[in-house]
Structure formats: C-alpha cells, structure tokens
Amino acid sequence: SEELIRRSEKLSLIGQLAAGIAHEIRNPLTSLRGFMQMYLKEDLDGSKKLRNDVMIAEIDRINEIVSELLVLAKPSNEVFELRDVAQLLTHVTRLFEGQANLYNVQIKKELEANLPLIECQSSINQVFINVVKNAIEAMPTGGEVMMQANQLNGNIYIRIRDTGQGIPFDEINKIGNPFYTTKESGTGLGLMVSMRIIENHNGTMRFESEVGKGTLVEVVLPVDK
Ligand code: ADP
Ligand code: MG
C-alpha cells in the first residue's frame, strides 16, 4: 500500500542519514588516530604512553560502534545474490587467522559436500564475523572453534561452537539486546545486528551454552527464501 511505501522511503532516508553521519564521524576519528600514533613514535615516558594507548583504544571503540551502526543503517533491500556458504565460512576463517593464532585458538571446519548456494545479502558475512569474533574472545587462553554446515529439509544449518567460558543460563536471553555486553571494551551491538540480518533472510539464530564448557551458535537459513 501507499502508506507502506511511504514508510519504507522514510526508513531508507533515515538509513542514508545515519550512514552519512557515520562517515562524518569516521573521518575526523581517522585523523585523530593518526596524530595519536605520531605521538607514540616520539618515545613517550610510561604514564604518557599509557594515556596515549588509552586514547587510541577509545578511538578504536568509537570506530567499532560506528561500523556496527553502519550495518544497521544499510537499507534492508540490499541485493540478494546466490552465495556459497562454504566460501563464506572459509573467508571468515581467513580473516581471523591472525587473531586465532595469537590466542591459541584452532578454527576447524566440517562442511557437508555439495551444499546448495543460498540467496543472501553481503551483510551475511558480518554475522559470521561477529559470531567467530565472540567465540575467539570467549577463549582468552586458547581453545577450539568448530564450524559445521549441513543441509536438511530445505534449510542450511550452520553451527559455530566454541570451547570458551560460556554464558550463564539467566544471561542468555539478554543476548542481542542493544548494548548488552560483558566485555570491558565490548559494544554489545554485534549480535543485535547479526540477528537483524538473519531475520532479514527469513532465518533463525539460536544460542546454547554451558558455563565453563562453551557455546553453540546455530544459524538456520532457508535455501529458497
Ligand atoms: P560484544 O561482543 O561487543 O560484547 P555481542 O553482541 O557480540 O557484543 O555479544 C554480547 C554478549 O554476549 C557478549 O558480551 C558476551 O557476554 C556474550 N557472548 C556472545 N557470544 C559469546 C560466546 N561465544 N561465548 C561467551 N559469551 C558470548
Ligand atoms: Mg561481539
């Protein structure tokens, strides 16, 4: 109906505005960060260096929040294209190779052969990035991330399991609430954004966790939207 069309126009206008503001915030941040790093090179004494490090870390945090908001601001009518789940997951594994190595985390994959291509938006990448990032962050002293994918009854099941600290039973419902984070420098936006993206694909996202054992994140995506 006309009302609906007007509403979606309004939403995309808000999205454009948000994206514009995000870029405007990012540019000055980039230059600030550059100057901070120049100071760092000047061999500062202990307390000055510490302050400088904190400032850089805070700038990075603002950048991260802005990036996550930028995903939300993206129009949900971004194109759907046929993509290969195995390729998406392999791409994410590569992105995290460095961080995984640093924290002694092994990333493993068990992907069923001949998975069908699925229609998805490029933002689907962000979901797996957020989930794997959380998995690695849950294992500061090392562990394993297992990614599995298989096809069943017209859906693709993607399971990402870690051997990290887990999530207490009474906290699991808070996951995906905006700004819910238990991390000192977390944004609490990653999973909210991810759930939004999965909803936009008519899929579901589910969490299972046991404190001290680990967490399973299951994403189910319909093969035919
Ligand atoms: P952030 O990572 O910035 O905290 P997220 O939305 O990605 O925000 O996650 C929200 C919270 O959910 C995390 O702070 C953490 O407490 C919990 N969480 C998410 N994934 C995991 C995981 N794999 N293991 C343990 N806790 C998790
Ligand atoms: Mg996160």
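In this predicted model, helix 5 (124–137) and helix 6 (190–200) each contribute at least two residues to the shell around ligand 1. Helix 5 provides the largest share of that shell, namely three residues, and helix 5 is also mostly covered, with ten of its 14 residues buried.

**The shell around ligand 1**
- Ligand 1 is surrounded by 21 residues, of which the closest are Asn-134, Ala-138, Thr-181, Gly-186 and Gly-190.
- By residue class, the shell around ligand 1 consists of twelve polar, seven nonpolar and two charged residues.

**Helix 5**
- The buried residues of helix 5 are Ile-124, Gln-126, Val-127, Phe-128, Asn-130, Val-131, Val-132, Asn-134, Ala-135 and Ile-136; one of them, Asn-134, is also listed among the residues closest to ligand 1.
- The 14 residues of helix 5 should span 20 Å at 1.5 Å a residue, and this agrees with the model because the end C-alpha atoms of the helix are 20 Å apart.

**The protein as a whole**
- The protein contains six helices and seven strands, which follow one another along the sequence in the pattern α-α-β-α-α-β-β-α-β-β-α-β-β.
- Along its principal axes, the C-alpha trace of the protein spans about 60 × 50 × 35 Å.
- Of the 225 residues of the protein, 23% count as buried, whereas in helix 5 ten of 14 residues are buried.
- Among contacts in the protein with a separation of 6 or more, 73% are accounted for by residues 24 or more positions apart.

Conventions. Residues are numbered from 1 along each chain as its sequence is written. Chains are lettered from A and ligands numbered from 1 in the order in which they are written. This is a predicted model: local features need pLDDT of at least 70, side-chain atom pairs count only at pLDDT 80 or more; totals for chains, interfaces and linings use all residues. A residue is near a molecule or strand if its C-beta atom, placed from the backbone, lies within 6 Å of it. Helices (H or I, at least four residues) and strands (E, at least two) are DSSP runs, numbered from the N terminus. Ala, Val, Leu, Ile, Met, Phe, Trp, Tyr, Cys and Pro count as nonpolar, Asp, Glu, Lys and Arg as charged, and the others, Gly among them, as polar. A residue is buried if 20 or more other C-beta atoms lie within 10 Å of its own, exposed if 12 or fewer, and partly exposed in between; C-beta atoms are placed from the backbone. Two residues are in contact if their C-beta atoms, placed from the backbone, lie within 7 Å. The expected span of a helix is 1.5 Å times one less than its number of residues.
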